[in-house]
Amino acid sequence: MDIKNVFQAKDVPEAINLLDQYGEAAKVIAGGTDIIIALRENHVKVSVLVDISSIKELKEIKTSDDWVEMGAAVTFTEVMDYFKGHKEYSGLIEAASLVGSPQIRNAATIGGNICNASPAADFVPPLLALDAVLTVEGKEGKREVRLEDFLLDKGRVDLNKGELLTTIKFIRLRKGQTVTFSKLGLRKALAISRLSTAVYLEIDDDEKCAEVRVASGSIGKHGLRERVAEESLKGKNLDKAAIDEASKVLSNEVEKRLAGRSSCEFKKDAVEGIFLKAVEKAMVHNGDGSYCAMGTQYYPRAAGKE
Amino acid sequence: MKTINVKINGENYTREINEDMRLLDFIRDELKLYGTKEGCGEGECGACTVIMDGVTVNSCMVMAFQANNKEILTIEGMEDEKGLHPIQQAFLDEGAVQCGFCIPGMVLSAKALLDKNPKPSRKEIKEGISGNLCRCTGYNKIVDSIEKASQYLEGEDQ
Ligand SMILES: Cc1cc2nc3c(=O)[nH]c(=O)nc-3n(C[C@H](O)[C@H](O)[C@H](O)COP(=O)(O)OP(=O)(O)OC[C@H]3O[C@@H](n4cnc5c(N)ncnc54)[C@H](O)[C@@H]3O)c2cc1C
Ligand code: FES
Ligand code: FES
């Protein structure tokens with residue numbers, strides 16, 4: 001570590017000015033849980049650190065009529081506290097609660113999770129399933145970019161020199177809509193996710209799957225939308241056959257993607273189970289063979305349909 | 001060099017620090033508060049746990065300059081003029097301390113947990129200390145002491 005200059009930015013303009021002034025020599029530090037290790041192991045070599053973890057406006061979560069907007073420096077603990085009790089957002093709560101340990105969740109930020117761009121970043125799949133939109137700010141102004149387009153490669157995101165990720169927003173969930181998350185492995189503190197899926201599901205008044213978005217973690221260079229699984233489910237009655245079919249389609253897709261890798265055999269099977277779990281979580285069995293999206297009111301299944 | 005102001009265990013400090021210093025190094029090497037331990041140095045073990053602005057963090061995962069204008073509690077700040085903190089007393093009463101290396105971090109994680117949730121279940125206690133590794137005790141006695149501490153604190157409140 002060869003750090004010469006450090007700044008605790010008070011607001012976004014100050015952070016942007018510093019990033020602009022120091023260019024390639026500078027990096028943002030938020031919770032520090034990825035970058036401090038990288039600096040100590042010399043994987044990242046910069047001489048200037050700009051701390052954004054004390055910028056108040058980046059630590060807010062706001063729900064408006066149409067959007068939920070979260071500041072980039074919001075921690076996982078803050079995500080869990082904010083959405084607590086809102087079952088429709090269980091995928092966000094669960095993904096946050098599975099990150100590291102309490103100490104890590106108290107420091108680690110959602111912006112850092114995205115910008116670090118690990119294939120195993122836990123918060124990325126649920127945000128992809130919510131089709132999140134990011135705001136990036138730099139000297140030249142603001143721009144919006146979809147999370148899916150922001151992730152370029154393992155460890156690489158669409159941030160130009162001097163730019164800061166400031167907010168992450170998604171359309172507020174309504175009745176019949178829910179996002180869920182399922183991760184493989186024991187619920188063990190500090191186990192970095194090996195494989196996960198997140199599902200966004202919207203059920204219409206006819207009990208059909210009106211909209212669905214599926215995303216995965218650790219089965220590609222970064223978190224990915226799994227469109228074949230989405231296409232397989234969309235418009236269908238959410239019965240066992242339709243869900244099983246979608247999980248097979250996803251498994252085949254993963255097999256194609258990972259062909260030749262030692263992890264392929266395992267992951268193509270594991271993804272099926274993990275996907276089924278995420279879909280199941282999005283539905284509540286009503287005891288009479290009918291399902292409803294979790295966190296919403298009872299959705300009666302039209303008589304005679306099963 | 002960079003100047004920072006930090007409140008540690010109720011006392012204000014203004015100090016010059018090296019830019020590349022971690023909060024853990026600042027606490028141990030500058031302030032000579034040796035109760036905060038370095039185990040792994042990578043956020044895994046929790047031996048370096050401190051409470052910063054009300055929440056536990058691994059001080060090996062925080063740069064010292066980031067602690068500017070923050071309020072920090074280390075294990076040294078748990079005791080007051082009346083003696084040990086009830087959580088510390090509970091650890092002794094239950095015989096939960098063996099080599100002691102993990103204990104400062106355990107006690108601070110227990111405090112953060114009990115501040116937020118005064119009557120945790122055993123499961124919640126285990127979750128609360130899941131970022132603190134212990135090589136000696138097998139955790140049961142530590143969980144017992146946090147249950148006992150919860151009772152001690154309840155008694156104090158009455
Ligand atoms: C013990 C341990 C366990 C962990 N377990 C998990 C786990 O289970 N799941 C998981 O997903 N992760 C895990 N992590 C990884 C890490 O905690 C997360 O990725 C975390 O979200 C990173 O956030 P941060 O604020 O600490 O990022 P930092 O380390 O501060 O920054 C990470 C990177 O992002 C950049 N950056 C940060 N914020 C911004 C911004 N707003 N704009 C532009 N660039 C930015 C930084 O420059 C840096 O390159 C673990 C880490 C540790 C040490
Ligand atoms: S020394 Fe900080 S977590 Fe191990
Ligand atoms: S008592 Fe020795 S590590 Fe916990």
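The structure is a predicted model, in which local features need pLDDT of at least 70 and side-chain atom pairs count only at pLDDT 80 or more, while totals for chains, interfaces and linings use all residues. Residues are numbered from 1 along each chain as its sequence is written, chains are lettered from A and ligands numbered from 1 in the order in which they are written, and side-chain values use heavy atoms, with hydrogens and water left out.

I begin with the domains. Chain B is assigned domain 1 (2–77) and domain 2 (86–156), with bounds from an automatic or database domain assignment. Taken over C-alpha atoms, their centres are 21 Å apart. Contact, meaning heavy atoms within 4.5 Å, involves 15 residues of domain 1 of chain B and 12 residues of domain 2 of chain B. Together these domains bury about 1100 Å², 70% of it on carbon and sulfur atoms; this is the accessible area (1.4 Å probe) that two parts lose on being put together, summed over both. On the domain 1 side, strand β3 (residues 49–52) of chain B gives the largest share, three residues. Strands are DSSP runs (E, at least two residues) and helices likewise (H or I, at least four), numbered from the N terminus.

I turn now to helix α3 (residues 103–116) of chain B. Of its 14 residues, 12 are buried, so α3(B) is largely enclosed by the rest of the structure. Buried here means under 20% relative accessible area (1.4 Å probe, protein chains only). Among these buried residues are B:Ile103, B:Met106 and B:Lys111.

Key. Buried means under 20% relative accessible area, exposed over 50%, partly exposed in between (1.4 Å probe, protein chains only).
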